[in-house]
Structure formats: structure tokens, C-alpha cells
Amino acid sequence: MSFDTSELLILYDIFSFSFPAREKDLVREIIEKSTRMFGVRRLALITGDREHRKCLGYWGFQRKHDVWEEIEKEGDNRFLYNLRNGKLGLLYLEQVNPLSSRDRRLYTIFARRVEEVLNELKRTEELKRFRSLMEQINDAIFLIDAKNGKFFDANQTACKWLSCNRNKLVKMNVLDIQSDITKSWKQIIRKVRGAEEGLIVEGWYRRKNGRKFPVSVSLRLTEFGEEECIVAVARDITEQKQAEKQIKYLSFHDKLTGLYNRTYFEEEMHRLEKSRSFPVSIIVGDLDGLKIINDTLGHYRGDELLRRFARIIRDQFRSSDVVARIGGDEFAIILPQTSRQTVEEVIFRIRRVIEENNAHEQLPLSISLGTATAENPGQSLWETFKEADNRMYRDKLARGTDPLRATVRVLKLALAEKDYLASGHTERLKKMTRLMGEALGLSSAELSDLSLLAEIHDIGKLGVPDYILCKPSALSEKEKEEIKKHPEIGYRIACSIPVLVPIAELIRQHHEWWNGEGYPQGLRGEEVNLLSRILAIADAYDAMTSDRPYRKALSKEKALAELRRCEGIQFDPTLVGVFEKIILEQYE
Amino acid sequence: MLVGIGYNQKGDSVLAGRLAAEQAVEQSGEPAITFLLTTENYAQELVLQAVKGVIGKSKLVGLCTPGIITRDGVLEKGVGVCTISDSEMQVATCLQGDVNLSSWEIGEEAGRKLRASGIDSGTVFVFPDGFATNISDLIKGMYNALGPNFTYIGGGSGDNLKFFKTYQFTEQGVSSNALAATLVKGISFQIGIGHGWKPVGQPMVITKASGKKVYEINGRPAFEVYSECLGGIDKESFPCYGMKYPLGIPAVGGNFLIRDPLKVEEDNSIVFVTEVPQNTVVTLMEGTVENLITTAREVASIAVSGLASPGITFIFDCVSRYLLMGKEFEQELKEVMNVIGPDVPMIGMLSFGEVGTFSGIPFFHNKTIIIAVGR
């Protein structure tokens, strides 16, 4: 074969270079071809621009750091080629003999080919990185022909949405997608053309399995080669919408009862005021004794009561009615297109339902209700609300004794729930104290206070843990200290209930001793209120003559003897005498 | 430098090894390096131990070969020993196993081991398992670790074409699927390399290949294209044609690396004796016995050219040439011996692929003869 034919074979070989997928394979191929075709004895492939050089591979240098030294040197057997003017890297080739012009020519052709392959490899890597980035995104990304709506490309998420692979997808058109956005595709394209910053639209998309979900699509016009393209990035906004719905719900609903809140109530008041839904009736309701329940039984029971009331009234109204909790214990209901007569019937029905409900519930529900009706459009609903509110207060006043009765009932129930005393204790105390009071010539007001004191003097025990109150064995010192707090707690509870305020101090003093060694204040003698001193004796006597979990009841005689033993110490000696006389008279 | 050559064809492994070694050492004195060639009929370990018992502290390198080349012809059964003594000579050996795992990296490892001897130049004798997956990569890996200051010669070991198991050894022991190599400084070698095959027809491109298997040429099944080049042959006649029409890969200086086709697979791919790189231009090669012999004579002439008093001659001649030429192989040897002369100690082997350089760069060849003359 002639020399020229040999050169042609080399050129043919150079242009048979593969486009390897890995840098390592490229280096191996450069080594194979350059050593075989040119007898290259050392070579190095360096990538990166001047500031970021990296030796991708070398051959014949023994050590990598030799590469950097050697390629800087000059020599007539060395060939250094700047790939893409040095921006892509360097190719260093070295042979035994000085380079001939033929060698230089062939090396240059070879280096240019390496340049192309390396460039392609870098581009492919970049593309892979970009593709991988695209595939990692949870948004569906589409490249669409702006002219006819055909898909050019899409990422995995997009394929998943459309339940097809990329090959199938590129045969599809945007109109094949079931969405309100694609239905108006032409208008959307028009808008995108006019929107320099791109366009964001919201709508829905239905998958092949029928699942429909809300989407937000960001659209932008771009050029891809000579084609005008739309880049559409679609995001499933189900969670966002649900969150918005939740926020909206929370902003218009009361978290505790699930009823509308004051904000929604006010918005509806404004809206209905301008509407044609007249006559509009408004009911205002107030839950009696909520504060007492919260203070005595705890907020959990108070909340339970609120939820119970909310359940009752929610069932009594139409979906068009606005049932709202507008304050701690205040409720209001707007009833559009409801006459005065109808709302009165509603009130009646509510009262009946509450009564029925109370029959099988431990805590009684007591509600004051008021109503008013705006007959004609233009009438102020706020005025109507005010009128209904006033009527509610009048209702509260009209049922004047009811709140007190309700309060007492609640407290009694609460005490019973604690179950720390045998039944009948209160009644016996009331009787004994009344007899003593009469014997001492107390006024009717004092007798009334004494009766109430007998009934609720231990209200503070609601604040003492059950396990201490119900402990069958003797109490520890710490537990005794806890028990001793109950007169003070009772005092605070009574102070919070107007009708109990007059006996609050009496409750606090019912464990004070005549000699000043009682608690909580250590008062002595007549510093202790008379009514409290009376109660202390009756209470001790009844306790001694009743069975306890840890001992049997004492006889009347033994109990009286114990009272006598403690007179002048724990009890007022004069009052013990009076008490003894009454007991002996009454129970003989 | 004193050189000793010994041959023995006794059937007993120990006896053959010992007698051949004794014959060589008698001529050279206590050697610095010993080359041991055996054929596959011996218990290799016993031969090695017997030789080691004679050569003392000498380094040793060797392999099992399809045939040992002597001045009197090819010994298909026998033991050949070459001992060289020289007080100035520096020698290192290396027996690197698992050459099929990752040829390039294994070659680099072997190169690093030889370089650790501190020898900075010289000749590397490379004796890989001829069946190894990628001997070209193995050699390239070695070169990468050793650098350009060395000359490479050698050949692949074989087992009389049984394709079963080959052996490589150094003084450290016997191994299979390995590379035995020695680095020798102190003998200057002049090397001739050639094959006598000529390109015919149009150039083609190996468009799909993996290791030794070529799937596609010019984008079509390899055998279809190969058959067309020969005017249409069938698979049954392939072994005959394959022997006579190898492929040539263009190389530096207008040379060709020969690739010897071995068999056709059912999928029309062709398995070669040695790996063929993908995306490489190839041409069909043809040769006559006359051409091959002429080339062998020229190779010998190059090897001895200008050398006043050669001390040793190594011949690595492809077993494929031996099989192709048949009785005329004797003529090739005769021609070579005539050029080298009667007084130069000579040892050679039929190789399963040859290691030799083009422009100082080592390659793995097929159907080639390499003659190295040292002094």
C-alpha cells in the first residue's frame, strides 16, 4: 500500500471515533488510536478553562503531577492543542521523534476530532444533568409547539399525569388533555404572546383514571430552533387548595363548636342588609352559668357544654340560616326570609329541645334567648341585632331566679360528682345549723346564709384532686396540705359567683379553730364568723357520726364527748353547749 | 555477558528441567536471569523447582508454550532454558495474577511492581496468558506505570491450541491466568518485527465489538461482510479462510496490527484470538508462505543489522504461522538462522500472540514474528 493510502486509512480511523458515554472511555479511545496510528508515547487530556483545569486522563507519565510539569515544556516532539481555544481544555501528544509537517497536520485533525467528541460528551453530560434535574421536579413540564399545540417533549411527571411514555406523548396534542385550560388554548396562546413575563393560569386537569385535581400552569413563549414553543410548567395544587379551603374555613368558623364565627356573622350581616332576603330575623342566645362551669368543673366541661348547645341549635336551622358563636357564651342566628311569627316558633322549639336534652344530661343547659325581625329591605340589621340582644337580657332578667337556681344546681351536681361525702350530709347539716341559728336568734338573712353555707361550704374541694378526696387510707402530710387548701379555693369560687359573694368569707373560715390553730388564716375566738363557728361544730359532729371509708361511725354520745373535749380548742365552747342541747333534744 | 542455552526432551518433568538448566548454566555460569520455556505435557511446578535447584539465586521468568524454537527446529515437547550471567546486569521480575479482572489496572499494578526495583530503563519481557481477555490493555496499563523509557518484547503462552489452561512463572512460582514479566537492564536489544501480510480490498470499520468478539463490520453482521470480502464463504470453510485471511488494523509507519479470526458464532459475530477495538478501521489481509518467509528474513536482518558481536537472540514466532506454513516453517527458521549466524546463542518460542513495539510503543500482535538480538 502506498504511503498516501496509509494516511487515508488513518484519516478514516480518526473519523470513526465513537462518541463514548463516559470520560474514561474517551481517554481510553484517544490512547488506543493515538498510540496505534501515530506512535504517541505520552499523552494527556485536560478539561476546563484556564482557571479550572482538570486532568481527565493521561498515558505514559507514571504520575499525574508529572503531567502538569511536562505539558508546560517546549520540544519539537510535543504537540499541545487548545481545545475550543483553551476554553474546553488541552490535548497533549508526544512522540519519540521530532514532529514532521505531516505529523502536525494529522495531529491537528485528530485533536479537532477529539475536540468535537469532548464537546459532545460535555454537552451530553450537561443535557443529562439538565434532564435529571427536570425529572426530579414534581411539576409536569411540557414543551409545546405554539403553532399547532403538539408536544415536543415532557418530563416524567408529565408522562405520569398523561399515563403514557415520552414516545407516545410526542404524538399527542395539548387538546388531548382533559382540562379547562386546554379548552381555551387559543385564547391562552394569545395571552402568552402578549405576556413578556409569562402567564400563570389556574384550572383543573382530569387524569385518565378520572381523578380530577386543581392545577396551576405557568406558560412562557420561547424559541426552539426555528420553532416557536410554549414551555408549560403545571403544578398539582390540590394541597394548596385544601390549605386555602382550610384557612377559609378557619377564618369563618369557630374552632370549638364548628359554627360560624363572629367575622362571618358580621360579613353576612352586611351582605344580607343589602339583599332581598327580607324579612330577616335574628336570634341572640346566651349560655347561662358558663363561667361557673369553667371555674368549678374546668374549661373542658364548659367547652363540652358549648359544643352541646351548638349541636342542638345547628340541627334546628336551615342551611341558609347563619348560626354563629359570636362571643364566649354568646350565639347569634340570622334567619333570612323569616317572619317574626316564624322566629317565635323557632324560639319555642329551641326551648323545648333544650328541655328534652336536659332531661338526660347531668349538666343542665340554661339559655337566655332574644329575637327581633327586620321586616323591610333597607332596615338596619345591626339595629335588629341590638334589639334581639336587649330582648335576650330581658329574658335573662325575667327568669331572674333561674340563674341562681341553675348555679346552685350545677355546684351541687359538681359536689355530688366528687362523691366525697355520704349522701344526706348536706341535708343534715342544713337542719342542724338551722336549729342552732334559731336557737341563737339569728336573723332570717343570717339563717339563709347559714343554709347556703351548709350546702356549699366544701365547694373548694372541687379543686382538690379526687385521689386525695377518695383515698381509703390515712393521708400523707403532703396530701393533708392539699386538703387544707379547700377553704381558700372555695372562697375564690364563691367570690366569682355574685349570689355566693356574701358567704365567701364564711366558706374560708369554716376550718378556723377557737384557739387560733385552724386554717387557712389562723383566726381565733370571735375573729371567726359566728356562722362559720356554728357550721364547724355541726360539720364535725356529722362527720363523726357517719361512716367513712377508713372507719365506722361513732355513736352520738362519743361524738358529743369528742366535741366537748375539743371545746375551747377547736370549737367555740358556748356553741358546743348549745349544739349538745339541741342534739340531745332533737334526737332523744 | 555469558549466555547458556539448554534443551531437554526427557519425559520426566524433574529430569528434563534439571538437565536443560544444567546444560545452560554450564555455559553461562551462575545466571542473573533465567528464561524457562516448557510445553504443556510437563508437570510445570516440578520443572520449575528442578530448574530453580540448578540456577541458584537467579531471577527467573518463563511460560508454557505450544513449541520451543531451537536451531534444529521446533520442540513440541520439551524444556528450554536460557541463562544469562553478567555482574552489571539489573533484573526484576513480577508474577501478576487475575489478568482477566481488569486488564488495564492489573497491567498498571505489574508496572508499578517492576518500577519499585528502581530500574529506570531497559527491556521488559512480557509473558501473559495468551487467552487473557484484553492483553492490549494489559500492556498499555504496564506502559502507563513504567513510562516510555523501556522496550517491550514477549509473547502469549499457550497449550498447544487446546485452549484450556496456560502457565506463567517466575522464581516466585507457577501461575495461570497471570502475567509473568521481567525487567532487564544491562543488555541492549535490537528488535525486528514483521508479519508479511498485505492489505487487500476496501477498508472497513468495526462498528460493534466487545473484547475479542466483533459483532458488526460496516454496520452489518461481521461474518456476512467478511464472507463477502472473500467472494462468499460458508461457516464450515471459515477456519481455513480465517487462518489465511486475517484482518489488519492500520498502525504507525504504514504498519498493520494483525488480528487473527478464530471462529464464527451463531449470530454471525466473529471471535478473534485477540481483542479488536470498536470504531477502528480494518482491512482484509492476505499473505503467501513466500511473503511470510521473506518477511521473517527481513525481520532477522533488522535485528542483527550493524551488530558486531551479538550475545543472544530471542525469537517470538506466532503459532498460527507455524500451523499455516506446516513443513515450510522449517524454511522460515532456516532463513532466520542464516541471517543471525551459527554462533549466536538462540532461544525462541511459538507464541499465542506477540508483544513488540512500533515506534517504541508496545502492541499485542497476531501472526507476527519478533526477533530481538542483544549484546
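These legends go with close-up views of a predicted model.

**View 1. Chain A as a whole.** Let's start with the inventory: chain A has 24 helices and 14 strands. Of its 588 residues, 31% are buried. If you take the contacts in chain A between residues at least 6 apart in sequence, 57% of them join residues at least 24 apart.

**View 2. A four-stranded open sheet in chain A.** Reading across, the strands come in the order E12-E13-E11-E14, and the pairing is antiparallel. Strand E12 (322–325) and strand E14 (367–374) of chain A sit at the edges, each with pairing on one side only. Ignoring direction, neighbouring strands here are turned by 15° against each other on average.

**View 3. Zooming in on E11 and E14 of chain A.**

**View 4. Two helices on that chain A sheet.** Helix H10 (residues 262–273) of chain A packs on the sheet, where it touches E11, E12 and strand E13 (330–335) of chain A. The direction of H10 makes about 140° with that of E12(A). Helix H14 (residues 381–398) of chain A packs on the sheet too, touching E11, E13 and E14 of chain A. For H14, the angle is about 150°, taken against the direction of E14(A).

**View 5. Where chain A meets chain B.** The contact draws 23 residues from chain A and 25 residues from chain B.

**View 6. A six-stranded open sheet in chain B.** Over in chain B, the strand order is E5-E4-E23-E22-E26-E13, with mixed pairing. The edges belong to strand E5 (73–75) and strand E13 (189–194) of chain B, and each of them pairs on one side only. Neighbouring strands in this sheet are turned by 20° against each other on average, direction ignored.

**View 7. The E13 end of the chain B sheet.** E13(B) pairs with strand E26 (residues 369–374) of chain B in the antiparallel sense, over 6 bridges. One pair to pick out is Gly192(B) with its bridge partner in E26(B), Ile371(B). Lying across E13 and E26 of chain B is helix H7 (residues 289–304) of chain B, which runs at about 160° to E13(B).

Notes:
Residues are numbered from 1 along each chain as its sequence is written. Chains are lettered from A and ligands numbered from 1 in the order in which they are written. This is a predicted model: local features need pLDDT of at least 70, side-chain atom pairs count only at pLDDT 80 or more; totals for chains, interfaces and linings use all residues. Two strands pair if DSSP finds at least two bridges between them. Axes are lines fitted to C-alpha atoms, for helices over the stretch in contact, and angles run from 0 to 180 degrees between N-to-C directions. Two residues are in contact if their C-beta atoms, placed from the backbone, lie within 7 Å. A residue is buried if 20 or more other C-beta atoms lie within 10 Å of its own, exposed if 12 or fewer, and partly exposed in between; C-beta atoms are placed from the backbone.
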